[in-house]
Each structure stands twice: as structure tokens, then as C-alpha cells.
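Please have the sequence and the model at hand while reading the points below.

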Amino acid sequence: MAATVIDGKAVAASVRERVRGEVEELTAELGRPPGLATVLVGDDPASAIYVRRKREACEEVGIRSIHHEPDGSISQDELLDLVRELNESAEVDGILVQLPLPDQIDSAAIVNAIDPDKDVDGLTPISAGRLARGEPGLVPCTPQGIMELLASAGVDPSGKEAVIVGRSNLVGRPVFSLLLGANATVTICHSRTRDLGEVCRRAEILIAAAGQPKLVTGDMIRPGATVIDVGTNRTDDGLVGDVDFDAAVEVAGAITPVPGGVGPMTIAMLLANTVQAARGRLTVAAAPG
Ligand code: NAD
């Protein structure tokens, strides 16, 4: 029997609706809308599209979009000054610096300068450390979206065998911490894993985030598994995931498509993170000296 196809667009739409309601409440409590600052440096066309989509999504749910577009020739120090200014700004609850940055900029130094309490991408070492230690904090958007998709499919990771393919700081590692936090037994595979198929076949929850088209074939999937395909690979056949969908759909219990699975979740979770950051700042402001 073919697997249930998890509809990322629908789940993302419901997250956005939830966020819209929270933004309304927060706006009343803060006396201003929550604000997300975006910083776009240089003229990379893909980055410009991503940032535009994020800004539009903010406006749709009532989050104020505060946009900065410094010239591509900006120096490291000038960009650091801008980040510090946003850290200090009372109207800015979240800061997103779109990557990649031009060659003269040390991206890590810029990301590390973001106030962790405004780090809506969850990419600072403090955010990563909090997540790894199971402490509250801002969690990278795509991994958080994956957890929402599992919840929407009625999959509770507790006690289950989960396997992640990929160990990046953006996806694999944060997903590891989230699944561990949800009490799964978690294994991470990567480019040096000896027998990928053998490990993947153990998975009741399989997360593919390797950036390799159709790396995960049907025979690597445990019957009935929930398969989340994070891969977005541009090929001659169009956008292709890391999972061979046509084969996997015959074996899995539930599976995300590409496109229309994980992709739509990322911006929805950015909005949710902005609300979380704004709420965190409200709590700080209200705390007795
Ligand atoms: P990355 O290149 O930083 O990391 C890839 C990881 O996969 C590495 O840890 C590597 O060890 C592992 N890997 C590579 N080849 C492998 C193989 N043959 N066997 C086992 N492991 C292998 O990539 P990333 O940033 O984590 O992104 C992964 C994929 O997810 C990409 O296709 C990316 O475009 C996509 N992505 C999608 C979204 C979204 O919103 N849908 C967000 C982030 C990333």
C-alpha cells in the first residue's frame, strides 16, 4: 500500500495561522508589532528571492519587516556595526542575516555577533549549545519544521529508532538534538558511513538531509517508516529530493514530497521563531530588577 504523503504546504499554512493569532496578542502586549530585521548583502539573485519571500510572509501575519540592504562592498566592521545596532534596537525582536555573504566578510564572525535571544535562524554557537544541552532557546527553522511535520503525521518519536542522513550544523545536528530531546534513539549517518542502507533500514523515522539526489533508495527504507526528505537538489529533471520518492512511497508509511514537504515549513518556522523571540524579550522586560 502506498504511503501517506505529508502535505508540507498545509502544515505550514496552519503554523502561519497559529502565528498570526500570536502576533495579534503580542502586538497588544508589546504596544507594537513584533519586528524581524533582515540583512541582505550583495546581489545574489537567489538570496534576494529568499529574503523577499521571508519579508512578505512577515507582513502577511502582522510581523513588522525591517530591512537592511547594505552595498556588497561593505566592510566586515561596518556589517558588525549594523548587527550590533540591530541587537540594541528596541523594535527588533529577531535578526536574520541572509547567507552567503560576500568574500571579504567572515560569515561566522557576523553570525556569532547576533544576540542569541534575537537569533531567529538559531545559528549562533550559543543557540546551538543551548539546543545540544536541551535548554530553551531559538532552534534552526528547517529542523523545527521537520518536528512539526512529524507531529502533524501523528508520529511521536519517543522510543523510536530515528536515523538522520547528514551531519550539517544547519540540518543534521540540530535534528539530532531535537529527536533526542523527543526521546528517540538517534543515529546520524554521513559521507563516511560504511553501509548507509543497513543503517537506514533500522529507521522508523528517517530524515534525509545529504544534498544528494535520490541517495536513499526504496530498499533502504523500513516498511511503514516515516520518511522526511529535506534534500532540494536542482537537476535536469527539476527539483529532486534525497529520497527516490517513487520507490519509497511504496514502502514507507508516510513520506514528504519534494517540493511541497519540508520546504514550505522553513519560512513558517522563521515566523514562529520571531514570535518566540519577541515573547522572550517581553518576559525579560517584565522581570523584576
Ligand atoms: P551540507 O552539504 O552542509 O551537508 C550534507 C551532509 O550530508 C554532510 O554532513 C555529509 O556528510 C552528508 N552526506 C553527503 N553525501 C553523503 C552520502 N553519500 N552518504 C551519507 N551522507 C552523505 O547540506 P545541508 O545544508 O545539511 O543540506 C542538505 C540538503 O537539504 C540540501 O539538499 C539542501 O539544499 C537541503 N536543505 C533544504 C532546506 C529546506 O528548507 N527545504 C533547508 C536546508 C537545507
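This is a predicted model: local features need pLDDT of at least 70, side-chain atom pairs count only at pLDDT 80 or more; totals for chains, interfaces and linings use all residues.

The points below treat the surroundings of the ligand and then some particular features of the backbone.

**Surroundings of the ligand**

- The shell around the ligand consists of eight nonpolar residues, 12 polar residues and one charged residue.
- There are 21 residues around the ligand, and those that come nearest are Arg167, Ser168, His190, Thr232 and Thr266.

**Polar contacts and cover**

- The side chain of serine 168 has an N or O atom 2.5 Å from an oxygen atom of the ligand.
- For threonine 266, an N or O atom in the side chain is 2.8 Å from an oxygen atom of the ligand.
- Valine 230 takes part through its backbone: a polar backbone atom of this residue is 3.3 Å from an oxygen atom of the ligand.
- On its own, the ligand has 860 Å² of accessible area, and the protein covers 71% of that area.

**Cis peptide bonds**

- Leucine 99 and proline 100 are joined by a cis peptide bond, with omega near 0°.
- Proline 100 belongs to the loop between strand 4 (94–97) and helix 4 (107–113).
- The peptide bond from valine 258 to proline 259 is also cis, and its omega is about -5°.
- Proline 259 is part of the loop between strand 11 (254–255) and helix 10 (263–286).

**Positive phi angles**

- Asparagine 183 is not a glycine, yet its phi is positive, at about 70°.
- The loop between helix 7 (172–181) and strand 6 (185–189) contains asparagine 183.
- With a relative accessible area of 49%, asparagine 183 is partly exposed.
- Lysine 214, which is not a glycine either, has a positive phi of about 55°.
- Lysine 214 lies in the loop between strand 7 (205–208) and strand 8 (226–229).
- The relative accessible area of lysine 214 is 44%, so this residue is likewise partly exposed.

Terms used:
Residues are numbered from 1 along each chain as its sequence is written. Side-chain values use heavy atoms; hydrogens and water are left out. Helices (H or I, at least four residues) and strands (E, at least two) are DSSP runs, numbered from the N terminus. Buried means under 20% relative accessible area, exposed over 50%, partly exposed in between (1.4 Å probe, protein chains only). A residue is near a molecule or strand if one of its heavy atoms lies within 4 Å of it. A polar contact is a pair of N or O atoms within 3.5 Å; within protein, one must be able to donate a hydrogen and the other to accept it, and residues adjacent in sequence count only if both atoms are side-chain atoms. Accessible areas come from the Shrake-Rupley method with a 1.4 Å probe; for residues, only the protein chains shown count as cover. Ala, Val, Leu, Ile, Met, Phe, Trp, Tyr, Cys and Pro count as nonpolar, Asp, Glu, Lys and Arg as charged, and the others, Gly among them, as polar.
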